[in-house]
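Please open the model in your viewer and keep the selection tool at hand. The stops below say what to select and what is there.

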Amino acid sequence: MGRSVTLWRGFDEWSRTVFWCDFDLCYRARLHGQASDLPELPVRPVDVAVWQREHAEHGLEYWLGLLRDAPAVLDLPVDHPRPAERRCAGAVVTEVLPPALRTAVRDLGVAEGGATLFMVLLSAWSVVLARHASSDDVLVGTVLGDRDRPELEPLVGFYADTVVVRARLAGAPAFRTLLRQVRDGVLDAYAHRHVPFATVVERLRPHRTLSHPPLVQVLCELRTERPAELAGMPAPDVPWDRGTAKFDLALSAVDTGQEVRLELEYDRDLFTADTARRLLGGLRTALTAATAAPGTPVDALPLLTSAEQRALVEAAAGREQPAAEVVGVHELFERQARRTPDAVAIVHNRDSLTYREVTVRANRLAHWLRAQGVGPGTVVALCCERGVPAYLAILAVLKAGGGYLPLDPGHPAPRLSAQLAQARPVLVLVHDGPDGFARDHGAYEVAELLALPGPADDPEPVVQGGDLACVLFTSGSTGRPKGVAMSHGALVSLMAWNAVEHPVRAGGGVLQYNSLCWDLSLTELFSAWQGGGRVVALGADRDRRDPQAVVGLLERHRVERWEISPTGLLSVVDWLGRTGRRPGLRLRTLIIGGERLQLTAELRAWLAALPEGCAVLNHYGPSEVNRCTEYRLTGDPATWPALPPIGSPLPGTRVHILDPRGVPVPVGVAGEVFVGGSMLARGYLHQPGETARSFVPDPFRPGKRLYRTGDVARRRADGAIEFLRRADTQVKLRGYRIELGEVETVLRDHPDVREAVVLVVGEGPRDARLVAYLRPEHEAVHTQVLRAYLAARLPAHMVPADYVAVAGIPQLANGKIDRTALPVPVHGPSPAEDFVAPSTPTEHGLAAIYARALGMARVGVRDDFFALGGHSLLAAVIVADVRAGLSRVVSVRDVFSLRTVAALAAAMDSGEAGAPLSDEPSVARRRSGNRS
């Protein structure tokens with residue numbers, strides 16, 4: 001058998017026909033023993049090159065005008081991280097459009113202004129790309145031949161070049177409108193095809209990287225395939241060499257005259273074959289719909305068949321939900337108290353209460369509350385630090401039939417007042433609250449109420465599954481906080497799943513680490529109590545920022561379950577790394593949630609050292625549903641992805657990823673997360689408008705609701721969900737959910753601020769921080785004044801670290817704020833002429849600690865902590881290092897208020913701050929009343 005060698009890479013499509021015609025002539029001559037009689041070529045390739053150079057500038061202005069403001073990259077979702085340098089490793093998948101669809105495509109083109117089959121295909125391909133990339137501006141390359149001169153027709157070679165067609169889909173035009181736009185774009189490209197693509201790139205000078213092809217990353221071309229003959233017999237079908245991929249995606253539509261064969265070449269470093277097949281399937285579905293109804297808006301063209309949509313709706317549902325055995329969530333505690341009354345239920349500092357003791361004291365308070373009118377539908381506010389009084393009050397309110405509203409004693413008084421005004425509680429209870437709080441709000445002291453006599457038996461049950469259990473306030477975009485109203489049924493469903501999947505052993509310790517105002521505290525408390533475990537409480541809320549205190553508690557009480565945000569965990573891991581501590585942990589379950597998990601090398605190493613068999617879980621869920629997905633990280637942490645997925649829906653939940661029209665998006669495509677199921681909140685307390693906007697009818701289950709999270713995610717082929725970003729201005733920073741609009745609203749209320757925009761600047765938990773951009777009303781506003789103004793009205797985590805004055809807030813052409821045009825604040829030490837070196841031992845020690853925490857060579861004693869880029873996480877690092885290195889106890893508040901090394905050192909030396917470690921009280925809060 002002979003061997004054939006083909007050199008298709010030096011050919012364009014026209015050359016294939018010329019080649020086979022010439023080859024046929026030579027073959028026939030050889031068969032008859034004659035010399036081939038090929039005509040002389042009228043021009044040589046070098047002549048063509050000269051002609052192209054002479055015309056290179058003709059029409060260049062067209063391309064510059066078309067592409068000058070075009071997006072630099074079509075950001076398609078990929079299956080593998082994009083490498084820093086492309087290897088161009090390609091592969092191909094194919095699909096055949098049936099004859100009927102080919103006919104429909106041609107007929108549509110004829111009916112809509114004389115568009116060709118290629119123009120219809122390119123229009124549909126642009127729609128598919130736009131939907132996958134979440135973009136309304138798409139650049140697609142195509143290859144056009146440059147043989148309009150007769151003397152070029154018999155030449156074999158590559159006399160074609162890449163041109164760009166721009167599809168603008170903003171405003172969701174009808175498909176026929178887009179088709180006419182694409183038709184005009186193709187015709188204009190053909191008219192200006194003489195300008196080499198390289199010249200266009202050179203003149204535009206786009207940002208070049210080795211990871212992306214310049215200007216266009218996706219190609220679309222049409223080839224006509226007509227069988228070639230050799231001496232009357234069919235010529236062998238020699239395929240194009242497909243071992244490489246010049247573009248991310250290159251679609252070739254091969255028209256055989258009967259059908260259209262779609263060949264999609266894809267970069268194997270970016271996409272899998274399954275993803276490439278799904279793209280072709282989406283193109284076929286979109287073409288079918290567009291030819292049937294060309295007036296359909298492009299954002300309404302389906303990319304999925306009905307069967308594929310049904311499969312995604314089914315995939316959105318978690319497994320069958322475990323049966324609930326109680327009605328009220330507090331009944332989980334009551335049931336366990338009857339089983340193991342003498343087991344320890346709560347540990348806080350030196351207090352240790354059994355289930356029997358908790359029951360008696362909580363019941364007495366519950367009977368008193370019910371006598372005051374507390375019952376189903378009522379709210380009782382609790383302004384308490386974590387600890388025995390707070391836990392007893394929570395159980396008492398639930399037993400009485402009411403819902404509890406936790407208030408953070410560390411929040412500014414105006415915010416606490418706003419929450420109380422919104423919730424309209426029938427009673428306010430306080431324990432170690434802020435000065436004047438009890439007087440201003442007529443609050444009762446919990447410790448005094450616990451000392452009152454009363455019945456010790458369980459109150460008569462009065463709650464139903466739909467009754468209010470608790471209210472948790474979150475940040476609101478309008479400047480008005482929103483109270484998420486959780487029902488008993490939702491919490492019981494959550495705990496039923498927890499009991500099956502992550503039960504706490506009898507006697508096992510659960511660290512009560514998170515604020516009682518966070519939804520994570522619910523599972524901390526009731527996961528322990530439903531299994532006969534111990535709630536192990538931190539000494540005080542401030543201890544969450546003290547890694548040494550956290551680690552010490554984990555070790556002393558052999559804690560088995562810990563729920564923590566990635567930022568909080570990273571602060572502990574950082575401290576352990578700096579001090580060289582190797583804690584002896586007994587963790588069986590580590591739940592990470594509250595914000596996006598990013599695995600650093602230090603975090604991987606720490607996770608690898610956890611006890612064998614410890615479950616590491618990545619959880620996701622807004623407060624409105626507590627949690628709805630879980631991803632179990634297994635195997636060697638070194639192999640885990642840097643951004644682990646958030647996993648699959650929990651039993652009893654439904655997690656849909658939908659487009660703006662409420663239709664499921666294809667696998668791998670970004671969409672908004674909508675959550676439903678039995679764990680869903682009732683809504684926002686006393687805010688029907690906000691509730692109606694966020695809790696929408698479920699289009700797949702009549703009579704049910706979905707919560708619109710505002711999160712953007714995508715579903716992987718294996719069913720796991722990957723969180724991508726927020727769709728609005730809400731952010732998660734160090735575990736806190738923040739509506740940037742709320743911060744902006746408070747800023748604009750300042751009399752010296754005309755306009756304000758707040759952004760998160762920086763990446764990762766160490767570097768990310770809030771930055772406020774201000775347009776002053778008259779003169780520049782002092783940073784200290786603004787920070788104090790905000791600190792009196794917002795929680796500390798919502799106060800920006802940086803303030804940048806600008807002459808005006810930049811805007812895009814559509815009137816929206818151009819956030820990318822705002823300057824990034826620059827941090828650094830004082831200039832040499834302003835640097836003041838430390839002079840006292842305390843200043844020397846603090847300056848070294850500050851420099852290490854901030855990653856700087858030196859810090860002057862008058863350098864402002866915030867001007868150097870400081871934030872709450874770094875303040876916590878400094879607090880821990882001061883404790884470890886100087887044996888002194890300072891608080892995050894000290895670092896925030898005494899913002900220079902000099903100020904903090906002076907306060908420590910005078911005794912106003914930084915008590916010696918030996919003087920730190922062993923009991924951070926006074927003990928509550930006598931045990932009963």
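The tour goes from the whole chain to a sheet, then to salt bridges, cysteines and a surface patch.

This is a predicted model, in which local features need pLDDT of at least 70 and side-chain atom pairs count only at pLDDT 80 or more, while totals for chains, interfaces and linings use all residues. Residues are numbered from 1 along each chain as its sequence is written, and side-chain values use heavy atoms, with hydrogens and water left out.

**The whole chain**

Begin with the chain coloured by secondary structure, which comes to 28 helices and 36 strands; helices (H or I, at least four residues) and strands (E, at least two) are DSSP runs, numbered from the N terminus. Of its 932 residues, 56% count as buried, where buried means under 20% relative accessible area, exposed over 50%, and partly exposed in between (1.4 Å probe, protein chains only). Among contacts with a separation of 6 or more, 72% are between residues 24 or more positions apart, a contact being heavy atoms within 4.5 Å. The chain exposes about 39,900 Å², of which carbon and sulfur atoms supply 52%; accessible areas come from the Shrake-Rupley method with a 1.4 Å probe, and for residues only the protein chains shown count as cover.

**The open sheet**

Next select the nine strands that form an open sheet of mixed pairing, in the order E10-E9-E18-E17-E19-E20-E21-E22-E23; two strands pair if DSSP finds at least two bridges between them. Strand E10 (351–354) and strand E23 (648–649) stand at the edges, and because each has a single partner strand, one side of each is left without a neighbour in the sheet.

**Salt bridges**

A search of the whole structure finds 40 salt bridges, each being a side-chain nitrogen of Lys or Arg within 4 Å of a carboxyl oxygen of Asp or Glu. Select Arg 106 and Asp 255, whose side chains meet in one of these at 2.8 Å, N to O. Arg 106 lies in helix H4 (residues 99–111) and Asp 255 in strand E7 (residues 249–255), so the pair ties together parts that are 149 residues apart in sequence. Arg 106 is partly exposed at 35% relative accessible area, whereas Asp 255 is buried at 0%.

Move on to Arg 356 and Asp 342, which form a salt bridge with their closest N and O atoms 2.8 Å apart. Arg 356 is in helix H11 (residues 355–371), and Asp 342 is in the loop between helix H10 (331–339) and strand E9 (344–348). Here Arg 356 is partly exposed at 43% and Asp 342 is exposed at 54%.

Is the pair Glu 563 and Arg 561 buried or exposed? Glu 563 counts as buried at 1% relative accessibility, as does Arg 561 at 3%, and the closest N and O atoms of their salt bridge are 2.9 Å apart. Then select Arg 82, Arg 86, Asp 248 and Asp 267, which are linked in a network of salt bridges.

**Cysteines**

With a disulfide taken as a pair of cysteine sulfur atoms within 2.5 Å, the count comes to zero. Cys 383 is in no disulfide, its nearest cysteine sulfur, that of Cys 384, being 6.7 Å away. Cys 383 is buried at 0% relative accessibility, and Cys 614 is buried at 13%.

**A surface patch**

Finish at Phe 23, Tyr 27 and Leu 31, which make a nonpolar surface patch of about 270 Å². Patches are made of residues with over 30% relative accessible area and no salt bridge, like charges being joined within 9 Å and nonpolar side chains (Val, Leu, Ile, Met, Phe, Trp, Tyr) within 5 Å. Phe 23 sits in helix H1 (residues 13–31) and is partly exposed at 36%.
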